[in-house]
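User: I'd like to learn how to read this structure one feature at a time. Could you give me the general idea each time, then the case at hand?

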Amino acid sequence: MVGLKPSDVPPTTAVKFLGAGTAACFADLLTFPLDTAKVRLQIQGENQATQAARRTQYRGVLGTILTMVRTEGPRSPYNGLVAGLQRQMSFASIRIGLYDSVKQFYTPKGSDQSSITTRILAGCTTGAMAVSCAQPTDVVKVRFQASIHLRAGSSRKYSGTMDAYRTIAREEGVRGLWKGTLPNITRNAIVNCAEMVTYDIIKEKLLDYHLLTDNLPCHFISAFGAGFCATVVASPVDVVKTRYMNSPPGQYRSPLDCMLKMVAHEGPTAFYKGFTPSFLRLGAWNVAMFVTYEQLKRALMNVQMLRESPF
């Protein structure tokens, strides 16, 4: 698919929607252990951590993954993968697949290009829309990633993904599935703006100044830049989101209370816990997702054009 030439026909909204969800799932499969390592590093140091968590210390990305494999088994870095894929099919399809359509909606009629403000507004809008639909899948994903089950320890709290949805709803109410919605909306609005706007602008400038053509190297550089910017601006709210989602009822009164307790007990550097795996994960995820997404759009449009061709 890399050799495909850009189609003169712009991809439809349906193609973008399906392509974004599929590409995001592929990227998740490649980078999920990094995301799990990030979650473990982010929750390390919580006051009400379990005895198992206090005995297990994580150091660095590779050290965290190796410790998990040694103490919990080789499948542990992929805890929550099913919920993660469910999340991407609903989440990425909206925030990435609908970005161009929402950007055009906000762009004044007659304008050749969208302004930075318009792009940021589009990123915030699709990010918030995506969270409102996919929040329960994110809660379950984080719970699985954060749970520590030593090989000789007790049985798992959730027997599977669907059991997790039912158990959380039964024990914490339906609101439990929407726990952390506000910090998640904040985090994903920021991430979506950083990713989509940065990717959009870098790609546009590379093409406008004829530094690259609309091909794989252009997509790679744009995606890598988007991943770095997203990590820098979103890490603090991402840590708060992860801790609040994973906390038992009553530990924190609100996301703000979670943030204040983090600062009081661990200092401001706590907001950047897990930064390295966050960057490795977001950088790798963005490269895998955007490169796959661009190729899928072209492939799907080629298929659609072939089906519509009379010959």
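**Reading the features**

Analyst: Let's begin with burial: Glu72 is buried, with a relative accessible area of 11%. Keep in mind that this is a predicted model.

User: Which residue does Glu72 meet in a salt bridge?

Analyst: The Glu72 side chain meets that of Arg40, at 2.8 Å from N to O. Arg40 is buried too, because its relative accessible area is 0% and the cut-off for buried is under 20%. The two sit in distant parts of the chain: Glu72 belongs to helix α3 (residues 61-72) and Arg40 to helix α1 (residues 13-43), 32 residues apart.

User: And which residue does Lys103 pair with in a salt bridge?

Analyst: That would be Asp200, again with 2.8 Å between N and O. This bridge links helix α5 (residues 99-106), which holds Lys103, to helix α8 (residues 181-208), which holds Asp200; the partners are 97 residues apart. Both Lys103 and Asp200 are buried.

User: Are Lys273 and Glu266 buried or partly exposed?

Analyst: Lys273 is partly exposed, at 25% relative accessible area, and Glu266 is partly exposed at 23%. Their side chains form a salt bridge of 2.9 Å, N to O. Salt bridges can also share partners: Asp35, Lys38, Arg87, Asp138, Lys141, Asp238 and Lys241 are joined into one network that way.

User: How many salt bridges does the count come to?

Analyst: It comes to 23 salt bridges.

User: Now rings. How should I read the pair Phe144 and Tyr158?

Analyst: Look at two numbers, the distance between ring centres and the angle between planes. A plane angle under 30 degrees would be stacked and one over 60 edge-to-face, with the rest tilted. The count here comes to 7 aromatic pairs. For Phe144 and Tyr158, the centres are 5.8 Å apart and the planes are at 55°, so this pair is tilted. Phe144 lies in helix α6 (residues 116-146) and Tyr158 in the loop between α6 and α7 (161-172), so the pair ties together parts 14 residues apart in sequence.

User: What about Tyr272 and Phe275?

Analyst: Tyr272 and Phe275 are also an aromatic pair, tilted, with 5.9 Å from centre to centre and 55° between the planes. Tyr272 counts as partly exposed at 39% relative accessibility, and Phe275 does too, at 25%.

User: Last one: where is confidence lowest and where is it highest?

Analyst: Here's the general idea: where pLDDT is low, the predicted coordinates should not be read in detail. In this chain, the lowest mean is 50, in helix α2 (residues 51-55), while helix α4 (residues 81-95) has the highest, at 95. Over residues 1-6 the pLDDT is below 50, and this stretch has 11 contacts in the model beyond near neighbours in sequence. Residues 48-53 also stay under 50, with 5 contacts beyond four places in sequence. Across the chain, pLDDT averages 87, and 90% of the residues score at least 70.

Technical notes:
Residues numbered from 1 in each chain as written. Predicted model: local features only at pLDDT ≥ 70, side-chain atom pairs only at ≥ 80, totals over all residues. Heavy atoms only, no water. pLDDT = per-residue confidence, 0-100. Helix = DSSP H or I, 4+ residues; strand = E, 2+ residues; numbered from the N terminus. Contact = heavy atoms within 4.5 Å. Salt bridge = Lys/Arg side-chain N within 4 Å of Asp/Glu carboxyl O. Buried < 20%, exposed > 50% of the residue type's maximum accessible area, 1.4 Å probe, protein only. Phe/Tyr/Trp six-rings, centres within 6.5 Å; stacked < 30°, edge-to-face > 60°.
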